[in-house]
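Welcome! Please open the structure in your viewer and keep the selection tool at hand; we will go from stop to stop together.

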Amino acid sequence: MLDLLVIGAGLTGLFAAYTAARAGLHVRVIAHGAGATHWHAGTIDLLGYVENRDEAVANWTQALPELPPAHPYRLLGVDAIATALDAFQQFTVAAALPYVRPGTIMSLPAPSASEDESSQTRGQVEQIDNDNLGRNCQLISPVGAPRPVYLAPTAQQAGNLEDDRPLVIVGLEGMPEFYPALSAENLQKQGFYARTATLNLSPLLRRRDISPLQMARTLDKLDAQAQFTEMVADMAAPGERVGLPALLGMDAHTRLLTQLQEAVVDRGRDSAQHSDRRGTVLSVFEIPTLPPSVPGLRLDAALRIQLAGLGVRVEIGMEVCGFHATGRRIQWIETETGSRPLRHTARNYLLATGGILGGGIYADRCGRVKETVFDLPLTAPHARSHWLRPLFLDKRGHPIFQAGVSVNHHFRPLDQSGAPVYDNLWAAGSILAHTDPIRERSREGIAIATGYAAANGVIKSQ
Amino acid sequence: MKRMQTEILVIGGGATGTGVAWDAALRGFRTVLVEKRDLTHGTTGRYHGLLHSGARYVLKDPDSAVECISENRILRRTHTHCIEDTSGFFVVTPEDEDDYPDRFAAACRRLDVPCTEIPAASALRREPLLNPRISRVFELPDAAADSFLAAHATAQAARQAGATLLPYHELTRLHLSGGDGNRTLSGATILDTVSGEELHIDADLVINAAGAWSGHVAALADVEVKMILGKGVMLATNARLTNTVINRCKMPGDGDILVPIHTVTVIGTTDERVAEPEDLPIEQWEIDLMLTEGDKLVPGLSRTRILRAWAGVRPLYQETQLPGRPAQSENRAQSSKYPATKLPQDSRDATRALALLDHQQRDGLRGFITITGGKWTTFRLMAESAVDAACEQLGVSRPCRTADTPVPGVEQGHYWLGHRLNEVEDENLQSELVCECELVTRSMLEGAVQRNPTVTLDDLRRDVRLGMGPCQGGFCTYRAVGILHQLRAGNASSAAGEWNVAHMQSPAHHHRDSPTPEQQATASEPASVPTPQGDFRQRSAAVDPQAAVSQPNLLLRDFLQERWKGVAPILWGQQLRQERLDELIYLSILNADHLPVDDGESPLSSFYRSDSSISDLDR
Amino acid sequence: MQNTTVNSVGLSLNACIKCNICTSYCPVSEVTDSFPGPKYAAPQSERFRDFGHPYYEDDSGPISRPLAAGRMPDASVDYCSGCRVCNEVCPTGVRIAEINARARARIVAARGLSLRNRLLGRNELLGRMGSVAPGLANFALHNPLSRKLAASLFGVAEKAPLPRWHRETLNRWLARTRAQRLRSERKVIYFHGCATQYYEPFVGMAAILVLEHLGYEVIVPPQNCCGLPMLSNGEFGAAESYHRRNVARLAQYVNAGYPILGTSTSCTLTLKEEAPELLDLESDAGTRALKLATWDVFEWLRERLDQDQLPSDLRPLKQSDQPFILPYHAPCQLRAHRIGKPALDLLARIPNLDLRESQARCCGIAGTYGYKTEKYQIAMDVGRELFDYVASQANESDSDSRGPVSFTACDSETCRWQLEHGTGLPSRHPIELLAAAYGLYDLQARRPAGGN
């Protein structure tokens, strides 16, 4: 018998499953499709903006009081969020895809065992000290806008806009997903020095498909990595940071990043003032692109590999079509198959199906807003006329996207009277009410912090 | 201030205006057309795309029916590539009157509208989503027409015949001279809305082809033209539901037409009388009505994914006795051979026949003609009537040639749904797609930018269908802005040859079916046509691709807002989910709402904001 | 063929939000530009496919002109292998593989079917012909010269792993061992599929032995090809007649309430879903009853396990204390059932069996796809992920001296052949492992224990 069945394979579900499985629980994950991790930038956005304020949040620990009282972060508090992030960082180190607060890492990560042995000793991740706790930084978006981010993988560290080194934004010829001139121009408008360069990768690609995803796969190959490194190093000027679209390899990503870093810094060394920087300052970084996101795919793969190692099966293609509860206990859920419904039985269930985008919530023409698995009571605008605002980019966001499940501070879904609907059901992630994770730039923070809290709730209830 | 001199000045760049410019230029007049926004920005770009067989009006509005079938035959020759030969069904659903179908068939016969009754079962085989309870089906030569392409093709034909077309040029003043009895209109003051410069155009004759805005234009000449403005709401589905135009076989009403146009089916329409042709709210009840009525034709239609809603305004005109002035118009409806069954009460009942107002006869104002009313289907005939009247006023006799002169692009043959996919496949252009939904390649976009006035991304949308598919600009807005920005940065101006958007928009690098520019030049003749005088050849800002893309952040935000106002009224279910993904892209990944602000606004920024289809929650 | 525009398959394209998740998982577009990816091929291209144009004929004038019937705008969809990984990962439920299958059928309807694809679709006929004289047939098919000929004449890939006819069909074995077969009140129906009948009757034997061991009488009624090879080659008309015959032949058992169990994941998937859906037969009562009665054999065994009806006399597969390391690949066709991985749940009961679950997307063969000359290399490139996984397991177990990996396991026959071709290791159906663990079956020799 499963201790925990997680429904949903996004960051919330997978990290919650990881947390629970690490504590020794027998866990399985089912999901209708692959998770939203594939769409996002691959950074951990904790809280970028709060309503009615135009400027980005500088330190999320200080911004929490400005959130509505029922906001998931308010249910958790700073300490619980920090603990969850700490656990997440430990996971990323274990998975050899370390995430840190940009500005806190000064050295390269350890490539995974199969990769370059000699650089292993240099890998080191510093814990976030108290002075820096909660401080957001700003990374570069594909159009050159600042993205408020809390944690980022090594590959995105050097895009930190707190850094004053000049930037070169590098595009690839013919790639429809990245426009370095647009990005550089907007950076210049904000007072940064940025120039552009373009690489022609057709000699090493041999494919018509030059999407970032396909490029990243090509750059897993040793010979392609060597050629590419050569091109990038030739192009970079001493002291510059090199920004590339996020395509620096998939499985052999760390190896490529290390190579690039060393090559770029080596070239810089010829001019003496940068000689001390070898191995100490990251100079190559990725800029996220439109879905599918290569950094997101790497994070997804890291989670899946760790889960497989813990014996957690992740079964995709399972659409919930029913459930059975007696009293306040869910007995089983059913998913549709080619023939008869398939029954899944577990002691506890964690709902991590996401919001309207993830498919956890469905809003129909008549203005009904439904939770798609357990038909839980939702907090939602009462009529379609109250769903949207006239301006797409309205900073307040569209009310329908705050629709979701109300939970108590144990992350148990609540009914209208404020009592838990089921004793063995938890909910976490974008399905929660009182937050618009995309508008707030809090999606990953909510996923990690609430997923971790809900998993711990399950662990404690065992 | 710039000055121009011309014989005929056309106001309005929709189907009618471009048609008038084409006709006038073919007859050898020096012709200038001004349009305050992009070509087809008005009603022409907001209609369902039905090339009428006329059958819809055989009982209610026989004059219009006769005009339609005759023009239907002509346009298939002159604008072949703008038309998909879908054919049309008139179907009798259980809710429709029993006696209408027979009267309908008889009227079709009487008015020479080809009409064949076919077994309902065979209609269902051809269109399996149709309501299985339909009892009778008539097949008629309805078709689907691309009004953007047709206007561009007509405009190109007009240019080749020597006309000058000035989009983003707004009429601000009409120059009147003389006193009572000898009043003359001698020209106009025009504002270049991109550069802000003024332009004086002296003209022997001004033709008001401003469609729903005709009343406003006439008012500048101190003449009253009372338009009946009928707002029609339309919806587009995510993919085609039928490949045939479907009409309910009944008196025309709301939500009784399905038009397969490009990749979607358009459901049309409502008919609400409105006071002004702009700022048209789309009400929830109108959407619900369309869907409820649509279900009667295709059961389940209300549950299918709707991509977008929009409203257009029919520029209907019914000549009435004006106080103090005798009615002297040549409005054909007044002298109809075919009496309509009802008298006009509201816009649904107003005639769809064209209305020609010769203001010399009607109002004693020389040099001014208004052509309005009508249908898209009859735009060529409207142009012909207007230029006939112009000839009369100018005292010359030059026969109309448009009915026998194909516009550029007809050699491509009829449009067919698969042509873009076919070309992308043949030339393996999959990785060059900018707008994946509508299969728009980078080179199509570049061509449209370089050879056509592009002030906003919305102009590109009309040229190549950018952002018109399921994701409604989710993926391509960013790409298009990036490409435009790149073009500005350098290699843009290497414009070779005369590319135009008069052809079916072709992903293929080599337009296999289209002639070379030289061939076109020889095919489209008159080298001897006099051209308008003045410094018009100096490119205005509106046709300068450099200026067009100087504000990429503005372009991006404008287009996102333009797409939003069309999706907001229909956001539920899967399209709401789609919009959330679009939000993820523009907020989470691009942070487009915190880009540095470009200076100023485009001519249309405020339009996109004000013409919002939903009301503010806090209002 | 019935119309192909209306039903859940065609309209499921409306669910697409263009998110590219399918594109990031598609194993075929990853290795070749010939297939532009599932999003492009299905929800995107489908909006541009016209399904035979209506036109209007009028003697009187140029009112209309007929268009070429069934003008097909695209051909790259033929490079979709039909593995259904896209369906599996799509978060919005677009029936991508089925939309592609229908598009292929329309191409076939418009352009005709190649002899090669017609042959590959006639799995059953080939099987029956060869089984008349298996030795001769194997020689005729497998000698290098005839493979070269088949490649150049028909486009059947020279190196692709074609099966060998077994000396005895399953039916002949059943007839020969009739006296030994269990009679019982509790009955199940076995759907063997063509591969088991002609090439791998031992898989059927293993299944029958296990089911009898549970106390069930196994009825093997007359049956024919499920029609899948024809469906995937776009030959919908033929597929429909095959399917309808199966519905008729199995009706009496279905109506009697007996479960229809299969060891071929693709055959059972076809009975459950592919035929009803692609052929628009979902409202056909017989089709629907068969769909609801059909089980993958492990799906059914898992129910017995859950209800504590599984005999517990499972023995280790190896005498020594070393674990028996077994890389297992759940084939795409099984994952498309959306029943999880029931074989893993059963095999986990076998003592000292160290199961290694592959996360590879597809072995590449995808039914008949990898047999086509122009697609053979694509299939091998797709399979690389799986072959490498198996190799890594073998290397690992070598290095810590836990003994060699001697088998792989996989539920689908063509996938096993591809696995053997790509890894050099013999591959077994999980039912063979289960039968062996019950002491009923010789895993090495692939025959019932005791030589029967």
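A residue counts as buried if 20 or more other C-beta atoms lie within 10 Å of its own. Keep that cut-off in mind for the first stop, and remember along the way that this is a predicted model.

**Stop 1: one residue in chain C**

Select C:Phe298, which sits in helix H18 of chain C. Is this residue buried or exposed? C:Phe298 has 28 other C-beta atoms within 10 Å, so it is buried. Now show what surrounds it: leaving aside residues up to four places away in sequence, C:Phe298 touches C:Pro342, C:Ala343, C:Leu346 and C:Pro430.

**Stop 2**

**Stop 2**

Select E1, E2, E3 and E4 of chain C: they form an open sheet of four strands in the order E2-E1-E3-E4, with parallel pairing. Which strands stand at the edges? They are E2 (217–219) and E4 of chain C; each has a single partner strand, so one side of each is left without a neighbour in the sheet. Turn the view along the sheet and look for the twist, which averages 40° from one strand to the next.

Strands of a sheet pair through backbone hydrogen bonds, either parallel or antiparallel. Zoom in on E3(C) and E4(C), which pair in the parallel sense over three bridges. One residue pair to pick out is C:Leu261 with its bridge partner in E4(C), C:Trp295.

Next, bring back the helices on this sheet. Helix H15 of chain C, residues 236–255, packs on the sheet and touches E1, E2 and E3 of chain C. The direction of H15(C) makes about 120° with that of E3(C). H13(C) lies across E1 (187–191) and E2 of chain C, and runs at about 170° to E1(C).

**Stop 3: the domains of chain C**

Zoom out and colour chain C by its domain assignment: domain 1 (8–49 + 74–111), domain 2 (170–306) and domain 3 (324–448). The centres of domain 1 and domain 2 of chain C, taken over C-alpha atoms, are 28 Å apart. Where these two domains of chain C meet, nine residues of domain 1 are in contact with seven residues of domain 2. Which element gives the largest share of the domain 1 side? Select helix H6 of chain C, residues 96–111, which supplies seven residues. That side of domain 1 of chain C has five nonpolar residues, one polar and three charged.

**Stop 4: two crossing helices in chain A**

Move to chain A and show H3 (residues 72–94) with H12 (residues 443–461). Their axes are 8 Å apart and pack at an angle of about 95°, and H3(A) and H12(A) are therefore roughly perpendicular to each other. Display side chains where they meet: the H3(A) residues include A:Leu76, A:Ile81 and A:Phe88, and those of H12(A) include A:Ile446 and A:Tyr452. The residues of this contact divide into 13 nonpolar, one polar and no charged.

**Stop 6**

Finally, select chain B, which has 18 helices and 24 strands. Of its 619 residues, 65% count as buried. Its domains are domain 1 (2–44 + 148–228 + 316–404), domain 2 (53–66 + 77–144 + 229–312) and domain 3 (417–523 + 551–610). Within chain B, 12 residues of domain 1 are in contact with 10 residues of domain 3.

Now show chains A and B together: 45 residues of chain B are in contact with 42 residues of chain A. Helices H13 (476–489), H16 (552–567) and H17 (573–589) of chain B each give two or more residues to chain B's side. H17(B) gives the most, with 11 residues. By class, chain B's side has 23 nonpolar, 13 polar and nine charged residues.

Definitions and conventions:
Residues are numbered from 1 along each chain as its sequence is written. Chains are lettered from A and ligands numbered from 1 in the order in which they are written. This is a predicted model: local features need pLDDT of at least 70, side-chain atom pairs count only at pLDDT 80 or more; totals for chains, interfaces and linings use all residues. A residue is buried if 20 or more other C-beta atoms lie within 10 Å of its own, exposed if 12 or fewer, and partly exposed in between; C-beta atoms are placed from the backbone. Ala, Val, Leu, Ile, Met, Phe, Trp, Tyr, Cys and Pro count as nonpolar, Asp, Glu, Lys and Arg as charged, and the others, Gly among them, as polar. Domain bounds come from an automatic or database domain assignment. Axes are lines fitted to C-alpha atoms, for helices over the stretch in contact, and angles run from 0 to 180 degrees between N-to-C directions. Angles under 35 degrees count as roughly parallel, over 145 as roughly antiparallel, 65 to 115 as roughly perpendicular and the rest as oblique. Two strands pair if DSSP finds at least two bridges between them.
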